[in-house]
There are 2 protein chains.
Amino acid sequence: MIRAIELARESAQEGEIPVGAVIVKNNEIIGEGRNMREAKKSALSHAETEAIFAANKTLCDWRLDGCEMYVTLEPCAMCAGAIINSRLSTLIFGAYDLERGCIDSAYNLCSGTLGTPPEIYGGIMEDECREILRNFFEKIRNK
Amino acid sequence: MIRAIELARESAQEGEIPVGAVIVKNNEIIGEGRNMREAKKSALSHAETEAIFAANKTLCDWRLDGCEMYVTLEPCAMCAGAIINSRLSTLIFGAYDLERGCIDSAYNLCSGTLGTPPEIYGGIMEDECREILRNFFEKIRNK
């Protein structure tokens, strides 16, 4: 999660909503990503999708069973769906997103009816993860 | 929708689950895609995400407001989320996906709480769209 937080901070420095994600298999990082929606001008470019894309490439396989994702913010609908589609085994996320989070907040897409859902651990290093987002939006408001 | 059906047929020929998608702005196609999960070894590579990626590139913008998507199958969670994130204005889909469809079947992610949802028209050219999928899975079973 510490690496995911670093990635989120990089996004903040680039003026992107700060979210970072890391995918681990057998204690090794096989993919990482950070929100790059503005830089890439792509609605698909969230931290989680970037990390899944990288991990798929590393393994030469769209299936990520046996892998864990660490992400600083509760995934949105697109990313929750991508996590289910990629068959990730474990999802560890930091801050809850009460408005748009689709793991435990607005929706619970991983409740089991859509494909193979991952094991879920929410609120891990929550304060640190929330702080990065709070600082980012505070800076924007004070501009 | 006729072009989306053509794209779905191309996917079937390549051994991919046959789904096709087209994005239109001012009566012009600005992005299209078909399911390429196996070819690209990417869990993200659905028809809808491929079409959104292409349309973002065409417009040099992650925002697709004012655009319509035509897709042969009701979008999954990932694609429904991508449609919301990209702010597409209109979604026209063919066959319903009772198990995994996240527009009107398993979930209704476009009900309005997550971002700006599109206007939705489901079941358009439903028989043709369903037939392509049925033929594909029948061939697989008889292999």
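1. Basis. This is a predicted model, in which local features need pLDDT of at least 70, side-chain atom pairs count only at pLDDT 80 or more, and totals for chains, interfaces and linings use all residues. Residues are numbered from 1 along each chain as its sequence is written, chains are lettered from A and ligands numbered from 1 in the order in which they are written, and side-chain values use heavy atoms, with hydrogens and water left out.

2. Contact means heavy atoms within 4.5 Å.

3. Helix α4 (residues 77-85) of chain A packs on α4(B) at about 155°, with the axes 7 Å apart. Axes are lines fitted to C-alpha atoms over the stretch in contact, and angles run from 0 to 180 degrees between N-to-C directions. Helices are DSSP runs (H or I, at least four residues), strands likewise (E, at least two), numbered from the N terminus. The two helices are therefore roughly antiparallel (angles over 145 degrees; under 35 is roughly parallel, 65 to 115 roughly perpendicular, the rest oblique). Ala77, Met78, Gly81, Ala82 and Asn85 of chain A meet B:Ala77, B:Met78, B:Gly81, B:Ala82 and B:Asn85. Ala, Val, Leu, Ile, Met, Phe, Trp, Tyr, Cys and Pro count as nonpolar, Asp, Glu, Lys and Arg as charged, and the others, Gly among them, as polar.

4. Packing inside chain B. Helix α3 (residues 47-59) and helix α4 (residues 77-85) of chain B pack at about 25°, with their axes 9 Å apart. They are therefore roughly parallel. B:Glu48, B:Thr49 and B:Ile52 of α3(B) touch B:Met78, B:Cys79, B:Ala82 and B:Ile83 of α4(B). The classes here are five nonpolar, one polar and one charged.

5. Aromatic pair. Over all chains, the structure holds five aromatic pairs. Rings of Phe, Tyr and Trp (its six-membered ring) pair if their centres lie within 6.5 Å; planes under 30 degrees apart are stacked, over 60 edge-to-face, the rest tilted. A:Tyr107 and B:Tyr107 pair edge-to-face, 6.3 Å centre to centre, with 75° between the planes. This pair crosses between chains.
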